[in-house]
Amino acid sequence: MLLQPLKTVFSDNRGQAKPEELNHMDIVACYKWVLDEQDIKIVPGSLLLDTSRAKGKISDYDKNVIEEAVLQAEKDDTVTVTALTFGNAKAKQSLKDALSRGPVKGYWVNDAAADIADGFVTANVLTAALRKIGTYDLILFGEGSSDAYGQQVGPRVAALLGIPAVTFVTKLELSEGKVMATRKIGDCTEDVTVNLPAVITLLPEVCKPRIPGLKQVLGASKKPVQEFKLADLDLAAENTLPKNKIKSIQGYVMDRKNEIYIDGTVDEKVNTLIASLTKDGLL
Amino acid sequence: MKGIFVYSEDIVVTKQLLNIGRSLADVLQVTVTALALNETDTAGLIARGAEKVIALSGSNPWVESYAESIAECIAKENPLLVIVGGTMRGKDVAARIAAWHSRGLVNSAMSIEVVAGELETKRMLYGGLAVCTEELSEGCIVTIDPRTYEEATTDSLRNGEVVSCTAKSNDAVLVGGVCPIVRERADLANAEKIICVGRGLSSQSDMKLVEDLAEKIGAEIGCSRSIAEDYHWLPTESYIGLSGQKVKPQLYLSIGISGQVQHIVGARDARVIVAIDKNEKAPIFSAADYGIVGDLYEIVPKLIEKLGK
């Protein structure tokens with residue numbers, strides 16, 4: 001019973017790109033609004049995290065995702081790019097940033113459930129939203145997010161939609177209902193071709209995100225945003241509950257000697273370092 | 001009794017996973033099943049602690065295409081815990097299996113333990129700033145990066161059964177050229193000593209200085225992400241950090257690197273960390289055993305000079 005979805009997994013996407021679809025392609029760039037980890041501090045004397053000063057940002061990897069989608073649209077005017085995110089009320093500010101990077105429309109699943117969502121829940125929610133949106137040929141994700149770096153939402157969504165996933169991609173090219181992608185897998189690169197619709201997850205080296213100009217930022221506020229609530233997505237309750245129980249999140253403290261030579265001449269400092277490294281058996 | 005299921009497309013990694021898999025199974029008093037692809041060394045997996053080995057064979061060279069068949073094997077075994085080798089291919093397969101079966105998935109766990117009868121993992125959050133401990137749901141998949149554990153020790157007295165099955169073919173993804181990445185330098189992941197350069201270096205021609213020091217102490221050269229991705233002074237596979245290489249050298253010497261947490265996380269398993277940077281407040285110093293605050297253009301030549309004697 002559990003495996004039932006598998007039977008239909010790859011049955012609906014082969015050799016049936018309709019002619020009218022060839023003339024138009026919808027790319028959905030998925031992104032996550034995260035806390036900027038640079039602003040998170042470990043409370044001195046404890047292992048607690050202080051996130052009170054942390055501002056939000058579009059996950060670093062996902063800036064590349066939006067950029068790559070927009071670059072594809074700039075190369076080919078039959079390509080339309082939209083952006084999709086799942087976040088709490090604070091993620092509202094992300095849409096302006098995302099849209100200033102080029103997508104024509106934003107989709108936002110606005111729900112506090114995002115705060116505790118794991119990869120399982122996020123993938124269920126995004127899949128339901130994509131079904132609601134209805135038009136997708138290519139769905140792009142980052143390889144992971146810069147906060148949790150769970151590295152799973154992209155291929156999970158592909159599995160749930162029953163379409164192929166190509167992960168860890170550094171280069172992609174769209175043509176005639178197909179995508180050609182170069183993956184970088186550890187010690188080799190791999191060129192693969194899949195029929196659309198498909199999910200692709202991108203490595204950050206795929207492109208360099210632009211810095212939006214004033215005109216783009218101002219233009220972004222005029223672009224449409226469609227908001228969903230979790231209740232709009234017809235998800236079964238068990239699909240919105242995280243799988244594992246988080247027991248603790250603690251600051252990682254490194255136990256290092258921290259012998260830092262600040263004062264003295266270059267000669268003295270270098271001598272001290274060489275003496276220390278010799279003592280540790282490293283020179 | 002539900003057991004532990006172990007899989008990697010790389011049998012070397014599978015043997016490492018059997019180390020943690022077998023010890024957890026001993027604590028929980030359950031059995032271990034290992035799945036191997038197109039492999040003949042099923043005896044090696046049994047000797048390393050698997051009571052059952054599923055030898056899955058197929059004709060598609062793209063191992064990701066076996067995800068469906070692997071998912072079916074897992075469903076049939078209905079394990080308490082699935083441990084998958086945390087290679088990129090492994091994570092790809094793990095995520096899809098997790099979605100098909102509504103399973104939890106913890107990627108790149110640093111450890112799996114039994115605490116008060118429950119399975120718990122630790123993994124990094126916020127680019128290595130924090131550690132998240134979670135209690136696993138039943139049937140959860142956990143990926144463990146290669147080399148996290150040593151290979152399990154062998155015991156030729158162990159017995160186990162071998163079950164062969166054939167993988168379903170799935171050709172939705174066509175794989176064309178596969179090209180090994182030619183590394184200009186030795187593999188950083190296995191280097192004993194690494195010198196790592198960052199944006200404190202003002203021009204690419206100054207790499208010579210770093211190369212001289214590297215030659216003097218017998219080190220490989222790595223770099224921060226921006227040196228590889230923005231400046232292209234070194235190939236992408238030379239950058240050390242969260243999304244780059246994670247290294248475990250005896251000596252890690254950083255030159256002109258401020259040390260953002262995403263970088264440090266790639267180096268923090270080094271035995272000794274040394275930092276040279278002009279900014280006294282650079283975060284790299286709080287991650288370092290030894291540090292010199294000063295101009296690298298004075299310090300590095302002096303180091304080369306003194307080491308030469």
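Helix α4(A) covers residues 119–133 and α5(A) covers 153–161; they pack at about 50 degrees with axes 9 Å apart. By axes I mean lines fitted to C-alpha atoms, for helices over the stretch in contact, with angles from 0 to 180 degrees between N-to-C directions. Helices here are DSSP runs of H or I with at least four residues, strands are runs of E with at least two, and both are numbered from the N terminus.

Who touches whom? On the α4(A) side the contact includes L126(A) and L130(A), and on the α5(A) side it includes V157(A) and L160(A). Contact means that C-beta atoms, placed from the backbone, lie within 7 Å. By class, that gives seven nonpolar, three polar and one charged residues. Ala, Val, Leu, Ile, Met, Phe, Trp, Tyr, Cys and Pro count as nonpolar, Asp, Glu, Lys and Arg as charged, and the others, Gly among them, as polar.

Quick housekeeping: this is a predicted model, where local features need pLDDT of at least 70, side-chain atom pairs count only at pLDDT 80 or more, and totals for chains, interfaces and linings use all residues. Residues are numbered from 1 along each chain as its sequence is written, while chains are lettered from A and ligands numbered from 1 in the order in which they are written.

Most residues other than glycine have a negative phi, and most peptide bonds are trans. Y149(A), though, has a positive phi near 50 degrees, and its place is the loop between β8 and α5 of chain A. F168(A), also not a glycine, has a positive phi of about 55 degrees; look for F168(A) in strand β9, residues 165–175. Is Y149(A) buried or exposed? Y149(A) is buried, with 23 other C-beta atoms within 10 Å, and F168(A) is buried with 23 as well. The cut-offs: 20 or more other C-beta atoms within 10 Å is buried, 12 or fewer is exposed, in between is partly exposed, with C-beta atoms placed from the backbone. There's also a cis peptide bond between L196(A) and P197(A), with omega about 5 degrees; P197(A) is in the loop between β11 and β12 of chain A.

On to the two chains together. How many residues of chain A are in contact with chain B? There are 70, and they meet 75 residues of chain B. Among the chain A elements giving two or more residues are α4, α5 and β11. That side of chain A has 37 nonpolar, 15 polar and 18 charged residues. Six bridges join β11(A) to β11(B), running antiparallel, and V192(A) has V175(B) as its bridge partner.

The chains also share an open sheet of six strands, paired parallel, in the order β15(A)-β16(B)-β15(B)-β14(B)-β12(B)-β13(B). Strands pair if DSSP finds at least two bridges between them. The edges are β15(A) and β13(B), and the twist averages 20 degrees from one strand to the next. Helix α5(B) packs on this sheet, touching β12, β13 and β14 of chain B. Inside the sheet, five bridges join β14(B) to β15(B), and I255(B) stands opposite I276(B).

Last, chain B overall: eight helices and 16 strands, with 53% of its 309 residues buried.

Technical notes:
Two residues are in contact if their C-beta atoms, placed from the backbone, lie within 7 Å.
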